[in-house]
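Q: Let us read a model together, feature by feature. Where do we begin?

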Amino acid sequence: MLPPLQKGAWLFTRHTSTPLMRESATNLQIRIHLTSSIENFKDVGPSVVMASPSALQSGLSRQLFKMWCSDKKNACVILGYVVEGTLAKTIINEPKEVTLMNGLTVPLNMQVHYISFSAHADFAQTSTFLKELMPPNIILVHGEANEMGRLKQKLITQFADRNTKIISPKNCQSVEMYFNSEKMAKTIGRLAEKTPEVGETVRGLLVKKAFTYQIMAPDDLHVFSQLSTANISQRITIAYSGAFGVLKHRLKQMFESVESLPDEESEGPAFCVHERLTVKYESEKHISLHWRSDPIIDMVSDYVLALVLNISSEIPKVVVESEEATKTEEGNNKKAEKVIHALLVSLFGDVKFVENGKLVISVDGNVERVGMLRAKTKALRKGCE
């Protein structure tokens with residue numbers, strides 16, 4: 001029990017009453033006074049004041065301490081944890097003198113008592129908790145350096161048989177932790193209807209939900225998550241006055257799948273590249289590309305676009321004559337000559353017209369004359385082989 005008090009400063013971090021204060025209060029006239037400023041406090045007669053902050057660094061508690069610390073009839077009861085370097089930590093050791101904020105030194109005659117109301121776990125509770133978790137890394141923070149050092153040494157002894165990393169970093173010190181973990185993904189929805197064979201590739205969307213991973217078909221995304229998919233259909237029109245067949249032939253040299261589309265389906269001459277990119281003949285001077293965007297087809301469309309621009313700049317322009325202009329046999333022959341010439345130029349480069357409607361083709365020093373109607377190319381084929 002404390003002796004009768006004239007004035008007492010109760011520095012608190014939570015609203016809690018103790019037997020100590022209740023017994024001491026029997027000798028006091030209980031007065032309840034709420035104030036946030038020392039100017040409004042009436043310092044008359046014995047009283048118990050609950051003031052903050054508990055570290056006595058500033059505020060009402062520091063002002064009351066300055067007024068009452070020199071009188072031995074007064075007392076200060078500190079509750080809870082106090083930080084090293086604060087005035088509250090200093091007076092717990094009961095020095096004879098203390099230094100005030102104005103630099104003056106005054107005697108410390110008041111009684112100082114410390115009662116722990118801290119909610120922090122002790123070593124037994126902390127070690128039991130860590131035994132249950134068995135974490136690979138333990139980082140000790142928010143504590144007095146000496147006490148944390150003691151705790152660290154005890155934990156090192158306790159976890160000596162395990163590869164546990166125990167660190168007590170200083171303020172602003174960075175800490176690196178490395179984790180080796182296996183991530184497992186569960187297939188759901190349509191992908192889960194069939195059990196894949198060993199080594200079979202499962203294609204779908206990988207979705208992270210909390211700490212779990214799920215693989216699902218794009219069409220199931222809106223069913224099993226709050227996300228949804230969207231398709232971007234792209235169309236680009238390109239200036240191209242060359243032969244449409246030449247372009248198709250050049251693309252067949254690059255891509256395995258280049259298939260013609262029925263006229264009723266495409267409303268005009270068209271073919272499909274890689275099963276998903278449609279190249280369509282729009283007019284004598286334009287073609288168009290149509291595709292549903294994805295990373296692979298976007299690259300295919302870039303290549304086709306570059307090829308079209310390259311052909312347009314290198315080969316002679318082939319003007320497709322109207323049906324009225326091609327009714328005569330002579331008109332048809334001229335059209336065929338231009339188409340064949342454009343095709344050969346795109347394949348071999350150096351192709352020239354000579355007399356009697358023949359073409360001269362040069363390939364790696366081999367020269368061959370080709371008749372437009374008979375197309376005897378034995379020597380040419382032999383040179384290419």
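A: We begin with the aromatic rings. Phe244, Phe271 and Tyr281 form one aromatic cluster. The model is predicted: local features need pLDDT of at least 70, side-chain atom pairs count only at pLDDT 80 or more, and totals for chains, interfaces and linings use all residues. Residues are numbered from 1 along each chain as its sequence is written, and side-chain values use heavy atoms, with hydrogens and water left out.

Q: How many aromatic pairs are there under the rule?
A: A pair of aromatic rings is described by the distance of the centres and the angle of the planes. Rings of Phe, Tyr and Trp (its six-membered ring) pair if their centres lie within 6.5 Å; planes under 30 degrees apart count as stacked, over 60 as edge-to-face and the rest as tilted. The count here is 3 aromatic pairs. One of them joins Phe244 and Phe271, a tilted pair with 5.2 Å centre to centre and 45 degrees between the planes.

Q: Which elements hold Phe244 and Phe271?
A: Helices (H or I, at least four residues) and strands (E, at least two) are DSSP runs, numbered from the N terminus. Phe244 is in helix α7 (residues 244–254) and Phe271 in strand β14 (residues 270–273).

Q: Is Phe271 buried or exposed?
A: Buried means under 20% relative accessible area, exposed over 50%, partly exposed in between (1.4 Å probe, protein chains only). Phe271 has a relative accessible area of 1%, so it is buried. Phe244 also counts as buried, at 15% relative accessibility.

Q: What kind of pair do Phe255 and Tyr303 form?
A: Their pair is edge-to-face, with 5.6 Å centre to centre and 80 degrees between the planes. Phe255 is buried, with a relative accessible area of 13%. Tyr303 counts as partly exposed, at 31% relative accessibility.

Q: Which residue lies over the face of Phe123?
A: A charge sits over a ring if NZ of Lys or CZ of Arg is within 6 Å of the ring centre and within 35 degrees of the ring normal. Here Lys154 lies over the face of Phe123, at 5.0 Å from the ring centre.

Q: Back to β14. Which residues point which way from β14?
A: Ala270 and Cys272 point one way, Phe271 and Val273 the other way. All are buried.

Q: Which strands pair with β14?
A: Two strands pair if DSSP finds at least two bridges between them. β13 and β14 run antiparallel, joined by 3 bridges. In that pairing, Cys272 in β14 is the bridge partner of Glu259. β14 also pairs with strand β15 (residues 277–283), in the antiparallel sense over 4 bridges. There, Lys280 in β15 is the bridge partner of Ala270. The hairpin of β14 and β15 has 3 residues between the strands, and His274 takes a positive phi near 60 degrees.

Q: How many bridges join β10 and β11?
A: Strand β10 (residues 205–209) and strand β11 (residues 212–216) pair in the antiparallel sense over 5 bridges. Ile215 in β11 is the bridge partner of Leu206. This hairpin has 2 residues between the strands, and Ala210 takes a positive phi near 60 degrees.

Q: What backbone features occur in the loop between β2 and α2?
A: Most residues other than glycine have a negative phi, and most peptide bonds are trans. The peptide bond from Ser52 to Pro53 is cis, with omega near 5 degrees. Pro53 lies in the loop between β2 (47–51) and α2 (59–68). Leu56 lies in the loop between β2 and α2. Leu56 is not a glycine, yet has a positive phi of about 60 degrees. Leu56 is buried, with a relative accessible area of 1%.

Q: Where is Glu94 found?
A: Glu94 is in the loop between α3 (87–92) and β4 (97–99). Glu94 has a positive phi of about 55 degrees, although it is not a glycine. At 53% relative accessibility, Glu94 counts as exposed.

Q: What average pLDDT does the protein chain have?
A: pLDDT is the predictor's confidence in each residue, from 0 to 100. The protein chain averages 77, and 79% of the residues score at least 70. Over residues 317–326 the pLDDT is below 50.

Technical notes. Contact means heavy atoms within 4.5 Å.
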